[in-house]
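Hi everyone, thanks for coming. Today I'd like to walk you through one structure, so please have a look at it first.

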Amino acid sequence: MKMKIIKTDIPEVLVIQPRVFSDDRGFFFESFNERKWREQTGLTCNFVQDNHSKSDHGVLRGIHYQIQQAQGKLVRVVEGEVFDVAVDLRRNSPTFGKWVGEFLSAENFKQFWIPEGFGHAFVVLSESAQFLYRTTDFWAPEHERCIVWNDPDLNIDWPFKFIPVLSEKDADGTFFKDAELYEL
Ligand SMILES: Cc1cn([C@H]2C[C@H](O)[C@@H](COP(=O)(O)OP(=O)(O)O[C@H]3O[C@@H](C)C(=O)[C@@H](O)[C@H]3O)O2)c(=O)[nH]c1=O
């Protein structure tokens with residue numbers, strides 16, 4: 001069975017289920033293969049930055065985006081479990097303001113493709129989680145923006161009841177209705 005690409009309710013947001021080879025030693029899988037990625041998604045992406053973060057249970061990072069130098073993100077989890085969310089912030093899109101979410105874990109090996117023009121956030125559901133992602137443009141702090149995780153218009157159905165742990169920047173995020181959006 002080859003790597004599977006699964007469309008979500010927002011067709012440009014993809015779930016990638018890689019083929020994992022398990023044996024007595026453990027497992028092996030191609031976490032990224034440019035040729036297969038191009039052939040199976042039809043996308044040509046030039047990934048320029050790899051990021052790795054670790055967060056404790058209850059940490060929520062996001063909703064982040066860059067108004068210029070928009071970053072497409074291919075994300076995955078190598079320890080623990082998160083609920084990962086992509087929000088369509090492309091003003092002229094038929095799915096503008098809609099979100100999709102996916103549970104990503106070290107156990108399910110799923111990857112999530114969040115294209116340029118989307119906001120991104122995740123919350124840690126396990127004791128801790130390590131999160132890896134590749135981006136199609138560089139981090140540009142001057143263009144970085146944040147929408148609050150519990151924005152009333154976005155109305156994201158987060159799968160938790162606790163009070164999330166936020167950075168100061170994220171606690172101070174703007175509302176979707178006031179957000180500066182992309183210049184793609
Ligand atoms: C995002 C980023 C941060 N940093 C630094 C700045 C700061 O001192 C420290 C932590 O930054 P932050 O608090 O912004 O990290 P974090 O809240 O994890 O930000 C990330 O959140 C997720 C949801 C995303 O989608 C990412 O694109 C990114 O925005 O790392 C870099 O050096 N390069 C980067 O690319």
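Predicted model: local features only at pLDDT ≥ 70, side-chain atom pairs only at ≥ 80, totals over all residues.

Residues are numbered from 1 along each chain as its sequence is written.

So, who surrounds the ligand? Among the residues there are Asn-51, His-64, Lys-73 and Trp-139, where being near means a C-beta atom, placed from the backbone, within 6 Å. Strands β5 (49-56), β6 (60-66) and β11 (118-124) each give two or more residues to this shell; strands here are DSSP runs of E, at least two residues, numbered from the N terminus.

Now the record. For "active site", an unreviewed UniProt entry lists His-64 and Tyr-133; such annotations may be inferred rather than shown by experiment. They span 70 residues in sequence, yet no two of their C-alpha atoms are more than 13.7 Å apart, so they gather at one spot.

Are they buried or exposed? His-64, in strand β6, is partly exposed because it has 19 C-beta neighbours inside 10 Å. Tyr-133, in strand β12 (residues 128-135), is buried because 22 other C-beta atoms lie within 10 Å. The cut-offs are 20 or more for buried, 12 or fewer for exposed, and partly exposed in between, with C-beta atoms placed from the backbone.

Finally, leaving aside neighbours within four places in sequence, Tyr-133 is in contact (C-beta atoms, placed from the backbone, within 7 Å) with Asn-51, Lys-73, Leu-74 and Val-75.

Methods. Helix = DSSP H or I, 4+ residues; strand = E, 2+ residues; numbered from the N terminus. Contact = placed C-beta atoms within 7 Å.
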